Amino acid sequence: MPAGRPFTQAVPGSRVRFDMVPLPRGVVPRARAAWIGKHEVSWREFELYAFGVGRTGPVANPKADAVSRPSRPYGAPDRGWGRDGMPVIAISFQAAQRYTEWLSHKTGRHFRLPTEAEWEAACRAGAAHPSDLNAVAWHAGNSGGRTHPLGKKRPNAWGIHDMLGNVAEWCSTPDGRGAVRGGSFRDEPRTVNARARAVFSRDWQATDPQMPKSRWWLSDAPFVGFRVLLVQ
């Protein structure tokens, strides 16, 4: 994992792999080096944590095993759009945070959600706005009302895919409540940009029949996902 270079992270005890892209110095304050997920977190990555899908051996790290795991979702959270190569969707802020804690214990590295400032810097990649939004983002004008496989659009200047559109991504806020950034497949092109921001609304769980509502799944927010940041 040399600083300044991309690398592929393996998750011990599984066949799961995902790619990380380096961020320039200064994007993450006080970090010697930092990387961000080349893609949004996939169903394959999240289901390994949530349900043990894809595990190839016994749990070797008791700290990782002790991290809270999601309950089974009510209904089909993938909306029938599929899981193979697709971004995980309908994820709560807590679920995204717990995933990064588990991943940190599993790998021995410091994974977390990006802050809003870090996310925005990575999204912009030194530019104000992409010259061709259709080339880099799935939005209401080209998505057909659904998510799409990871990495099918052109990456930004730092080699990061789908920072805009596809799914809006959880980031940490100063008050610890979380916000999703970048817009999603359901948003109009004019609103899909590096400043696009939304916070949790009760509408995101309107049809969840459980009382209290799930802490893990957002029954009415298939447009919400996340990606991970790694600091050293």
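This is a predicted model: local features need pLDDT of at least 70, side-chain atom pairs count only at pLDDT 80 or more; totals for chains, interfaces and linings use all residues.

I started with helix H1, whose buried residues are Trp-43, Glu-45, Phe-46, Glu-47, Leu-48, Tyr-49, Ala-50 and Phe-51; buried here means under 20% relative accessible area, exposed over 50% and partly exposed in between, with a 1.4 Å probe and protein chains only. Since 8 of the 9 residues of H1 (residues 43-51) are buried, I noted that this helix is largely enclosed by the rest of the structure. Helices (H or I, at least four residues) and strands (E, at least two) are DSSP runs, numbered from the N terminus.

Residues are numbered from 1 along each chain as its sequence is written, and side-chain values use heavy atoms, with hydrogens and water left out.

I then asked what the buried residues of H1 pack against. They pack against strand E2 (17-22) and helix H3 (93-107), where contact means heavy atoms within 4.5 Å. Just after H1, I found Gly-52 with a positive phi of about 75°.

Next I looked at the largest pocket, which has a volume of about 300 Å³. Of the 18 residues that line this pocket, the closest to its centre are Arg-17, Phe-18, Ser-42, Glu-45 and Leu-150. E2 and H1 are the elements that give two or more residues to the lining, and E2 supplies the largest share, 4 residues. For the search, a 1 Å grid was laid over the protein atoms alone: a cavity is a set of points where a 1.4 Å probe fits but cannot get out, a pocket is an open set with protein on both sides within 12 Å along at least five of seven lines, and lining residues have an atom within 4 Å of a point. Grid points are joined across faces, edges and corners, and a volume is the space filled by probe spheres set on the points.

I moved on to the second largest pocket, with a volume of about 240 Å³. Among its 19 lining residues, Cys-123, Arg-124, Pro-130, Val-136 and Asn-156 are the closest to its centre.

Finally, I recorded the fold, which comes to 5 helices and 9 strands, and the burial, with 50% of the 232 residues counted as buried.
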